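Reader: I'm new to this one. Can you walk me through it?

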Amino acid sequence: MFVTVFLLLVALCSQMGNGDGGEGAQRPGHVSVIIVGGTGDLAKKYLWQGFFELYINRVSGGNTFSFYGGGLSPAEKATPVLFEILKAVSCSKDVSPERCALLKEQFLRLSQYRQLKTQEDYQDLAKHIKKQLQEEGMTEAGRLFYLSVPAFTYADIAEKINSSCRSANGAWLKVVLEKPFGHDFRSAQVLASQLGSSLKDEEMYRIDHYLGKQVVSNILPFRIKNRKFLDPIWNKHHIERVEVVLKETLDVKGRIPFYDQYGVIRDVMQNHLTEVMMMLTIKLPMNVSSREEVLQNKLQIFSSLLPLGKNQAVIGQYRAYKTEVQQELNKTKDHVSLTPTFAAVLAHIDEARYEGVPILLISGKMLDERVGYARVLFKSDIFCLQNHNSVHCKPKQIVFYFGHGSLKDPAILVSKNLFKPAVTENEWKEVTEHPDVSVLGLPISDYYVQTPIEQREAYAQLISHIFAGRKNNFISTENLLASWALWTPLLSSLASSFPRIYPGGADNGGLLDILLKGKDISYNSRAVIISPDQMGGSSTNGFQVMQGKFRSADMVSAWAEELVERLAADIQEAAEAAVREEGVFHLALSGGSTPLALFHRLSQHHFSFPWRRTHVWMVDERCVPLTELESNFRSLHDHLLQHVRIPYYNIHPMPVQLNQRLCVEEDGGALMYERELGKSVNDTSFHFVMLGVGYDGHTASLFPGGKANELNESLVVLTESPVKPHQRMSLTFGAINRARRVAFLVMGKGKHELITQLSRVKDNPDKWPITAVKPVKGRLVWYIDYDALIG
């Protein structure tokens with residue numbers, strides 16, 4: 001599917017233009033800058049400052065300017081807000097205070113607010129620009145629209161610009177678009193088509209501000225400048241792994257209406273972190289300034305990335321997020337959002353150069369520190385026998401440090417046991433005096449450190465590129481759709497996955513640590529979760545993540561597929577431990593439809609399971625011939641036993657049919673099974689017993705009000721079921737409670753009411769037989785899927 005989608009998008013996008021707009025950008029004359037959304041948060045924090053810096057740098061370069069803040073509000077309401085924002089712009093240190101004051105005064109005089117809501121508003125803006133040009137005798141160079149508004153408005157605004165606000169005299173037009181560029185592949189494709197009907201490709205600048213960060217924009221130049229050192233080691237034989245990490249300490253309070261629709265993967269991974277990954281892995285271009293060559297090299301990597309599925313990602317959500325969603329979206333207290341605020345994704349590139357090299361993309365809110373970096377960690381080929389502090393025994397790594405964290409400033413760091421890197425002249429400098437800090441396991445003194453000579457904010461950098469018509473650091477349509485083609489299948493597979501809940505900050509501890517196994521990723525530790533009093537929805541914290549306590553016993557919970565995977569893995573772990581210690585594993589399995597998925601998992605995925613040393617016993621059986629479909633053993637045979645290599649003499653069906661009769665007490669079938677169990681199972685203690693739960697609270701074939709519930713001396717008894725077939729044979733609570741480990745598997749929405757009741761009732765085996773399951777020396781674990789837990 002991925003390859004098909006990729007070829008489709010390349011075919012679609014090859015029909016679009018790829019001009020860079022460079023010539024029109026150098027045209028002298030008047031430039032009108034219009035920020036649509038000019039009083040919004042992004043404009044306030046970054047855009048007006050960036051355009052002020054553009055004005056400072058270009059005011060004497062042959063261009064004149066007008067600046068417009070546009071929005072939906074009337075001018076009389078929004079004008080004071082705009083000018084409060086404009087008063088806060090500042091000059092760099094190399095501009096004298098006197099000159100800065102003059103420039104700010106001019107900038108404010110050239111700025112105004114205009115309501116941009118209707119077609120007529122855009123027509124009025126065009127008339128105003130035309131009138132100003134005529135009155136002042138100016139030639140128009142171009143118009144720059146910056147759309148700092150929700151993405152769903154892009155197509156409409158682009159149509160208004162196209163029909164009402166284009167210059168008639170051949171001046172250039174540039175329209176800047178902020179992410180998100182769609183919600184998935186299909187929506188991005190639709191948006192690209194809609195925009196393409198109003199704007200030429202060379203007129204659109206899709207901005208990813210990460211590409212304006214000085215460290216990110218210097219990754220390719222750094223690789224080219226140091227290729228004589230890097231070429232021999234930039235491959236699978238030397239690279240241990242690649243990490244692209246963006247950690248944030250803040251929550252998303254105030255952004256919930258947007259964030260709850262997008263989550264961390266769409267917000268930063270599909271764009272920012274993916275672009276950094278591209279810079280680290282693409283084939284070096286012959287000309288780093290060639291937008292087309294860099295794009296083709298990116299598309300080559302996109303086409304070589306292995307598909308991302310559920311096994312390539314873990315997700316989390318900080319604890320307070322649920323309450324924030326309820327408050328900002330006006331949801332009830334039982335509302336549960338599955339939007340992840342943390343994700344770790346494992347990617348692999350199917351190319352000879354990077355085969356087997358794990359690429360980790362990690363980002364999250366409410367983490368322990370604010371920091372962003374990309375690290376290339378190299379394999380160590382030196383073993384230090386005694387001097388472990390030798391520089392040769394320390395990690396070999398290159399760190400592209402975006403900023404914040406312990407180092408605070410952007411930097412490129414190369415560990416001294418690799419090589420001394422060359423410096424990009426005129427823009428970067430080597431730093432030899434350092435604060436006493438460590439970066440990713442090494443003291444700063446163990447690195448060669450480069451930093452920008454002058455630090456520039458990313459938006460200011462990109463705004464200058466937009467004006468100059470340099471499109472290298474902007475997202476093309478082909479690039480955008482290739483990225484969505486990679487990420488959309490993963491997003492679809494995670495749509496119903498429950499994120500791990502984490503407390504936030506330092507309290508996260510090791511909760512979000514991850515484990516890599518081949519091409520799969522998982523959390524390193526099992527998570528915390530829920531207490532019985534939260535089951536009814538009365539707790540203010542409400543439903544959380546998925547491992548903890550239920551009825552004072554351990555509980556594991558997940559969506560059905562993951563839950564079955566976990567139970568199967570736990571059974572194999574118990575089997576391997578028993579075989580190691582005792583040479584044999586005794587497993588007792590119940591009937592019914594619930595364990596069928598488990599049987600399938602064990603037979604199709606656990607090829608190393610020690611079946612030859614495993615004895616399989618029945619927890620209960622219906623009193624029907626073992627060959628009939630209603631038989632628990634027939635179901636076990638058809639779905640598990642016939643698919644695995646288990647000796648026939650290790651299989652122990654219950655003897656419900658003796659002397660051509662079914663479950664006649666005089667035939668002694670129950671006693672026969674008990675004797676077989678006593679003879680084969682040490683201390684009649686199963687290693688693992690797997691049970692289900694009936695809607696009436698029965699387990700095995702031990703039903704409410706049954707006399708067998710009181711028989712702890714016997715291990716096997718005949719019982720009566722309230723439904724046909726009535727007669728059953730079952731292990732007793734005495735046999736079950738001797739087990740080393742007992743597992744309850746409960747799945748499906750139909751069991752939600754039962755689980756809610758069980759979370760509240762006291763022990764009452766006569767009414768709720770399941771409450772009599774209390775292993776004497778063993779461990780009880782509940783495996784409950786989200787449907788049963790949440791309903």
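Author: We'll take aromatic rings, then a strand, then cavities.

Author: This is a predicted model: local features need pLDDT of at least 70, side-chain atom pairs count only at pLDDT 80 or more, and totals for chains, interfaces and linings use all residues. Residues are numbered from 1 along each chain as its sequence is written, and side-chain values use heavy atoms, leaving out hydrogens and water.

Reader: How many aromatic pairs are there?

Author: There are 29 aromatic pairs. Rings of Phe, Tyr and Trp (its six-membered ring) pair if their centres lie within 6.5 Å; planes under 30 degrees apart count as stacked, over 60 as edge-to-face and the rest as tilted.

Reader: What about W48 and F107, why is that pair edge-to-face?

Author: Their planes sit at 70°, so the pair is edge-to-face, and the ring centres are 6.3 Å apart.

Reader: Which helices hold them?

Author: W48 lies in helix α3 (residues 41-58) and F107 in helix α5 (residues 97-109), so the pair ties together parts that are 59 residues apart in sequence. Helices (H or I, at least four residues) and strands (E, at least two) are DSSP runs, numbered from the N terminus.

Reader: Is W48 buried or exposed?

Author: W48 is buried, at 1% relative accessible area. F107 is buried too, at 0%. Buried means under 20% relative accessible area, exposed over 50%, partly exposed in between (1.4 Å probe, protein chains only).

Reader: Which residues form the aromatic cluster?

Author: One cluster is formed by W48, F52, Y55, F65, F67, F107, W172 and F467.

Reader: New topic. Why is strand β23 largely enclosed?

Author: Five of the five residues of β23 (residues 585-589) are buried, so the rest of the structure largely encloses this strand. F585, L587 and L589 point one way, while H586 and A588 point the other way.

Reader: Which strand do bridges join to β23?

Author: That is β24 (residues 614-618), through five bridges, and the two strands run parallel. L587 has V616 as its bridge partner in β24. Two strands pair if DSSP finds at least two bridges between them.

Reader: Now cavities. What lines the largest cavity?

Author: Its lining is F181, D208, Q270, N271, E275, I475, N479, L480 and S483. Helices α12 (256-281) and α16 (477-493) are the elements that give two or more residues to that lining. On a 1 Å grid over the protein atoms alone, a cavity is a set of points where a 1.4 Å probe fits but cannot get out; lining residues have an atom within 4 Å of a point.

Note on methods
On a 1 Å grid over the protein atoms alone, a cavity is a set of points where a 1.4 Å probe fits but cannot get out, and a pocket is an open set with protein on both sides within 12 Å along at least five of seven lines; lining residues have an atom within 4 Å of a point.
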